[in-house]
Amino acid sequence: MYVWAEGVFQKDNKGVKMDSFLDGFKARLKKKDIKIGVVGLGYVGLPLAVEFVKKNFIVYGIDLDLDRIKSIGRRQSYITDISTAELRKIIDTKRFFASNDFRNLKGADVVLVCVPTPLKRKYHPDISYIRNAIKAISKNLKKRALIILESTTYPGTTEEVILPMLEGSSLQHGRDFFLCFSPERIDPGNVRYPLSKIPKVIGGINSEASLMGEAVYSVIIKKVIRVSSSRIAEMVKLLENTFRIVNIGLVDEMAMMAHKMGVDIWEIIDAAKTKPFGFMPFYPGPGVGGHCIPKDPLYLYWKAKKSGFRSRFIKLSSDMINSMPAYVVARVKDLLSAKGKKLSSSRILVVGATYKKDVKDLRKSPALDVIHILQEQSLSVAYSDPLIPYLKFKDIHLRSTAITGKGLAKFDCVIIATDHSSLDYKLILKNSKIIFDTRNVYKNINNDKVHKL
């Protein structure tokens, strides 16, 4: 065993005494004498880096995407939550160093890992980005550094994958490094709840690691919740997103049901949410996009299946949500048929390409799926999005169409897929032949042109 003495851990039969080390770590945090490393400068990593720089810490940002590094070099932001003006102020402090070189982490006392965790195929997680990042970090790890994984993953990843990888390189937890998991909770474009106002959950391999992680995040976040283990922290994130996917899947099914019954699901939800307890409103749509809901619950589904438990709710909800783009196209086909038009000979305009209102983010956007399906079935498909000037995604190669009165008149149907605030919905209503509104932008509008999801 080891004790903390004279600046290093030394062998001692009495066990590990961490009090003086933790006190010293907290004192260094208070003096801004702790350097932060952030691996992955995307929608999670870059805001974290910015917040620590604002608090006068030196931050080393690492990303293998050279386009991101070049954008930072040009002093141009590439994500919604960090404006170019804000990024330039951060760069001007001379405390933010961004590169693709992991050797820069040799000076970091804390390393936050914020890399992608996609799916290999529908129900199989891909943690290769985590593995590659940890492998590179282990070769450039400062003695007694704290590593915190933020990338959403299945319960057990921190303890079963990362810990053995680090200890397999002749390092020992509690002596050479400390390890935690803290689920990211970024909501792109949410000005009401920026990073600093979203409570942070932290769970370490041991209590000392958890205390260190709590101290680090307390510098930039108002409330930090320490849980008993990294597994609990990993599961917290998956429960949050599973709650959402199940309820979204449910309301999508209710929307289909309401349409068959000839009632308005949007009016039903508005009335139901007046109940002050026992109900939380969720809304239907053309599908779900972003970096969390489409894939994160499937990490839990996969892990549960590995443990001998099949989650019926997660699979059913995922399948329901994934069916929505095709359902949207089927409804449009029916609307055109009622007007004596065939989808195959119709011109369709999809309004909004991003997955979320007023957010320049195409990740898993259901609008792209709608466009893809339409391209296979209709004469001509165009899109219009003020945030996305062109689309080059798989087989979709289109430029955004300007919304004008004459232009709208050329389309047989307009689909509102994303409800950006800057769109002129009055102009669209006045000049369109048929509108299929998947976002309820024409609430309380009584017009035969408008058909809602």
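## A charge over a ring

A charge is said to sit over a ring if NZ of Lys or CZ of Arg is within 6 Å of the ring centre and within 35 degrees of the ring normal. In this predicted model, the charged end of Arg 363 meets that description: it sits over the ring of Tyr 43, 4.3 Å from the ring's centre. A further case involves Lys 295, which lies over the face of Tyr 299 at 5.7 Å from the ring centre.

## Aromatic pairs

How many aromatic pairs does a search of the whole structure find? The search finds eight. One of them joins Phe 243 and Phe 282 in an edge-to-face arrangement, with 5.7 Å from centre to centre and 70° between the planes. This pair links distant parts of the chain, since Phe 243 belongs to helix 8 (residues 230-261) while Phe 282 is found in the loop between helix 9 (265-272) and helix 10 (296-306), 39 residues apart. Phe 243 has a relative accessibility of 42% and therefore counts as partly exposed. Phe 282, at 14% relative accessibility, counts as buried, because buried means under 20%.

Another pair is formed by Tyr 425 and Tyr 442. Their ring centres are 6.2 Å apart and their planes stand at 90°, so the pair is edge-to-face. Tyr 425 lies in helix 15 (residues 425-431) and Tyr 442 in the loop between strand 18 (435-437) and strand 19 (450-452), so the pair ties together parts of the chain that are 17 residues apart in sequence. Are Tyr 425 and Tyr 442 buried or exposed? Both of these residues are buried. Elsewhere, ring pairs link Phe 21, Phe 25 and Phe 178 into a cluster.

Strand 6 (residues 110-113) is covered on both faces. Val 110 and Leu 112 lie on one side, Val 111 and Val 113 lie on the other, and all of these residues are buried.

Which strands pair with strand 6? Strand 3 (residues 36-39) pairs with strand 6 in the parallel sense over four bridges, and Ile 36 stands opposite Val 110. Strand 9 (residues 145-149) also pairs with strand 6 in the parallel sense, again over four bridges. In that pairing, Val 111 stands opposite Ile 147 in strand 9.

## An enclosed cavity

Rolling a probe the size of a water molecule over the atoms shows where empty space is left. The count comes to one cavity of 30 Å³ or more, and the largest cavity has a volume of about 70 Å³.

Which residues line the largest cavity? Among them are Val 44, Leu 48, Ile 186, Leu 195 and Pro 199, together with Glu 150, Glu 184, Arg 185 and Lys 200. By class, the lining of the largest cavity divides into seven nonpolar and four charged residues, with no polar ones.

## The second largest pocket

The second largest pocket holds about 1600 Å³ of space. A total of 43 residues line this pocket, and those nearest its centre are Asp 187, Asn 190, Arg 244, Ile 293 and Lys 356. The elements that give two or more residues to the lining are helix 8 and helix 9. Helix 8 gives the most, with seven residues.

What classes of residue make up this lining? The lining of the second largest pocket has 17 nonpolar, ten polar and 16 charged residues.

Methods: Residues numbered from 1 in each chain as written. Predicted model: local features only at pLDDT ≥ 70, side-chain atom pairs only at ≥ 80, totals over all residues. Heavy atoms only, no water. Phe/Tyr/Trp six-rings, centres within 6.5 Å; stacked < 30°, edge-to-face > 60°. Buried < 20%, exposed > 50% of the residue type's maximum accessible area, 1.4 Å probe, protein only. 1 Å grid on protein atoms, 1.4 Å probe; cavity = no way out; pocket = protein on both sides within 12 Å on 5 of 7 lines; lining within 4 Å. Points joined across faces, edges and corners; volume = space filled by probe spheres on them. Nonpolar A, V, L, I, M, F, W, Y, C, P; charged D, E, K, R; others polar. Pairing = 2+ DSSP bridges.
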